[in-house]
Amino acid sequence: MKRGTCEVCGKPIPDTAGPRAVTCGAACSRKRNSLRELERYRSIRDTEAWRATRAEYLAKLRDRRSADPAFDEEIRAANRAATARWLAAVKADPARVAEYRARRQAQRDAMTPEQRAAERATKRGWYASLSREERVRIYYAARALRALERVQGIAADLEQRATTTTPKPDPSHG
Ligand SMILES: [Zn+2]
């Protein structure tokens, strides 16, 4: 039987694949599934029913978070961990860093002044929602660490110069 080509990558589907296989293997099959899921999500995202369900879900989540500090902290910790994982993956790959920066710049360039103002308001709201500890951790701890590293760098540099520079004879004495 003549097999077709993979729907995802276009390579021939191997004979060892199942009779109804539309991809070349597990990796492309997973990719196809997630693409289809994304497509499905996009197709329902803008419907009235979906928006209502989502709003209801978010309202319930907000209620539970404000009623249950432990649950709230659990969600925050999970969000932090997910963000840290994502950031580490991006930072480890210069191509992804460049791609991310270019995409962010393009988004900013495409924004209307109203959208820019809305984004600023969202950021301000987010900042205002942080606890003192979170602000210290997110902003000030990193800043203090950078300042400390700078000072240590300067100290090391001075020490280096003091040990490697041979003092010139001072003409005022002699
Ligand atoms: Zn493939």
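Author: Start with a term. A helix here is a DSSP run of H or I at least four residues long, and helices are numbered from the N terminus. The model is predicted. Now read along the chain.

Reader: What pattern does the chain follow along the sequence?

Author: The pattern is α-α-α-α-α-α. In total, the secondary structure comes to six helices and zero strands. The chain is also more spread out than a compact globule, because its radius of gyration is 28 Å, well over the 16 Å that the globule rule gives for 174 residues.

Reader: What box do the C-alpha atoms fill?

Author: Roughly 100 × 55 × 40 Å, taken along the principal axes.

Reader: Which domains is the chain divided into?

Author: Domain 1 covers 1–45, and domain 2 covers 131–162. The centres of domain 1 and domain 2 are 50 Å apart.

Reader: How should I read burial, and what percentage of the residues in the chain is buried?

Author: Count neighbours. A residue is buried if 20 or more other C-beta atoms lie within 10 Å of its own, and exposed if 12 or fewer do. Here, buried residues make up 2% of the 174 in the chain.

Reader: And contacts? What share comes from residues 24 or more positions apart?

Author: Take the contacts with a separation of 6 or more. Residues 24 or more positions apart account for 6% of them.

Reader: Now helix length. How far apart are the end C-alpha atoms of α1?

Author: At 1.5 Å a residue, the 20 residues of α1 should span 28 Å, and its end C-alpha atoms are 28 Å apart, which agrees. Helix α1 runs over residues 26–45. It is hardly covered, with a buried count of zero among its 20 residues.

Reader: Is Trp 50 buried, exposed or partly exposed, and what does it touch?

Author: Trp 50 sits in helix α2, residues 48–67. It has 13 C-beta neighbours inside 10 Å, so it counts as partly exposed. Leaving out residues up to four places away in sequence, Trp 50 touches Ile 44 and Arg 45.

Reader: What span should α3 have?

Author: Its 23 residues, 69–91, should span 33 Å at 1.5 Å a residue; the end C-alpha atoms are 32 Å apart, which agrees. Helix α3 is hardly covered, and the number of buried residues in it is zero.

Reader: Where does Glu 99 lie, and how far in space is it from Glu 39?

Author: Glu 99 is in helix α4, residues 94–110. It counts as exposed, because it has 12 C-beta neighbours inside 10 Å. Glu 99 and Glu 39 are 60 residues apart in sequence and 23 Å apart in space, C-alpha to C-alpha.

Reader: Last helix. Where is the kink in α6 centred?

Author: On Tyr 140, with a bend of about 40 degrees. Helix α6 spans residues 132–164 and has 33 residues. Its first and last C-alpha atoms lie 46 Å apart, close to the 48 Å expected at 1.5 Å a residue. None of its 33 residues is buried, so α6 lies largely in the open.

Terms used
Residues are numbered from 1 along each chain as its sequence is written. This is a predicted model: local features need pLDDT of at least 70, side-chain atom pairs count only at pLDDT 80 or more; totals for chains, interfaces and linings use all residues. Domain bounds come from an automatic or database domain assignment. Helices (H or I, at least four residues) and strands (E, at least two) are DSSP runs, numbered from the N terminus. The radius of gyration is taken over C-alpha atoms; the globule rule is 2.2 Å times the number of residues to the power 0.38. Two residues are in contact if their C-beta atoms, placed from the backbone, lie within 7 Å. The expected span of a helix is 1.5 Å times one less than its number of residues. The bend at a residue is the angle between axes fitted to the seven residues ending there and the seven starting there.
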